[in-house]
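Biologist: Hi! Could you walk me through this structure?

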Amino acid sequence: MKKLTSLVIALLLVAAFFLPAAAEYPPGIMFASLLNNVTFVSNNASFSLGNQMQGVFMPAGAKGWVIFRKADGAELYRFDFKTELIRLPYMRFDFMTATDLRGGQSSLLMFPFKEPGAYVLDFYLEGAKFYTFSFSIAKKSPSDPFAGGDVYLIDGDWSNWAYLYYPKADPNNSLSFKVWLRHDSADKLTVDYAPRIEITRDKDKKLVCTSRENQTISLHREWNRFEFDMIFPMVKTSGGAYFKAKDLLAVDGSYTLKLTLSGKLYGTWKFSVKGGKLSNSDRTDRGKADPLTFIEGGQDAWWYKKM
């Protein structure tokens, strides 16, 4: 009886420890894994959800589903999944079936979809919606009628959102920038570019770090994530050395990151450092952002929207 009482007390203490955290952090999706696992192949217009998508703050073995619908609400497909524990608080989505809600037929998780328009993925866990993701599909024709026919392109948050990253949120680790890129030509399978990233401090316009020089990347019509290590500018004796997160966090203020592709500006991202920490705002501000569209970066990814 004594042992049983001790066990009950221990369980109550554990529950008291974990319940506030569960209330503070509703179920979510690691945003990078979402962008990596919502895929659309341009040449045959096939859509799929990959099994490397990760959720957070949800029970292992829970059942859920995703509704693929038109922006006006009409439901088209349903993907059923269950959660599998990776390590707390991370879960993997194990997608099992895709059902065409217009015909009731189940199929493989990849299916052809040649209907341009605006769409939404609504995520449900144990019957309650916990996330929503909007995107669009467009058709594009090649200039050469013998080039193989129309191609289909998916667009959405891939084109706007990117993040600064340093492993384990340890400022002594190197800083990198991760961004999704693609080309939109219907005439070419791949297009090569020379990327260049520069981060400047707004107050004094000082160039604080850059990406490595003499790089070439090949872009496809599908979105792919690229990672760029940041280095000290190629001046003085430190030029070319790895740029650590602490080198950025040492000076509070606002910063501008610019990405050019073969000399042409692709995008500009603004962020700030306050109290030696990277800023969060809007969809990245935990506790203030709408949980249905909150951008979850975990402990070591800081997301920013292209201007």
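Modeller: Happy to, starting with the overall picture and then moving to strands and a pocket.

Modeller: This is a predicted model, where local features need pLDDT of at least 70, side-chain atom pairs count only at pLDDT 80 or more, and totals for chains, interfaces and linings use all residues. Residues are numbered from 1 along each chain as its sequence is written, and side-chain values use heavy atoms, with hydrogens and water left out.

Biologist: What does the secondary structure of the chain come to?

Modeller: Three helices and 23 strands.

Biologist: Let's zoom in. Where does T99 lie?

Modeller: T99 is in strand β7, which covers residues 90-100.

Biologist: Why does T99 count as buried?

Modeller: Because its relative accessibility is 14%.

Biologist: Which residues is T99 in contact with?

Modeller: Setting aside neighbours within four places in sequence, T99 contacts L76, Y77, R78, G104, Q105 and S106. Contact here means heavy atoms within 4.5 Å.

Biologist: Which strands pair with β7?

Modeller: Strand β6 (residues 75-87) runs antiparallel to β7, and ten bridges join them. Strand β4 (residues 54-56) also pairs with β7 in the antiparallel sense, over three bridges, and so does strand β8 (residues 105-107), again over three bridges. Two strands pair if DSSP finds at least two bridges between them.

Biologist: How many residues join β6 to β7 in the hairpin?

Modeller: Two residues link β6 and β7 there. Another hairpin is formed by β7 and β8, with four residues between them, and G104 in that turn has a positive phi of about 75°.

Biologist: New topic. What is the order of the open sheet of nine strands?

Modeller: The order is β22-β21-β20-β16-β17-β19-β14-β13-β23, with antiparallel pairing. At the edges are β22 (277-278) and β23 (301-305), each pairing on one side only.

Biologist: How many bridges join β14 to β19?

Modeller: Six bridges join β14 to strand β19 (residues 224-231), and the two run antiparallel. F177 stands opposite F228 in β19. F177 in β14 is also the bridge partner of L164. Strand β13 (residues 161-165) is joined to β14 (residues 176-181) by four bridges, again antiparallel.

Biologist: How much space lies in the second largest pocket?

Modeller: About 220 Å³, where a volume is the space filled by probe spheres set on grid points joined across faces, edges and corners. On a 1 Å grid over the protein atoms alone, a pocket is an open set with protein on both sides within 12 Å along at least five of seven lines, and lining residues have an atom within 4 Å of a point.

Biologist: Which residues are closest to its centre?

Modeller: Of the 13 residues lining the second largest pocket, K206, L207, V208, F232 and P233 are the closest to its centre. Strand β17 gives the most to this lining, with three residues.

Notes. Buried means under 20% relative accessible area, exposed over 50%, partly exposed in between (1.4 Å probe, protein chains only). On a 1 Å grid over the protein atoms alone, a cavity is a set of points where a 1.4 Å probe fits but cannot get out, and a pocket is an open set with protein on both sides within 12 Å along at least five of seven lines; lining residues have an atom within 4 Å of a point.
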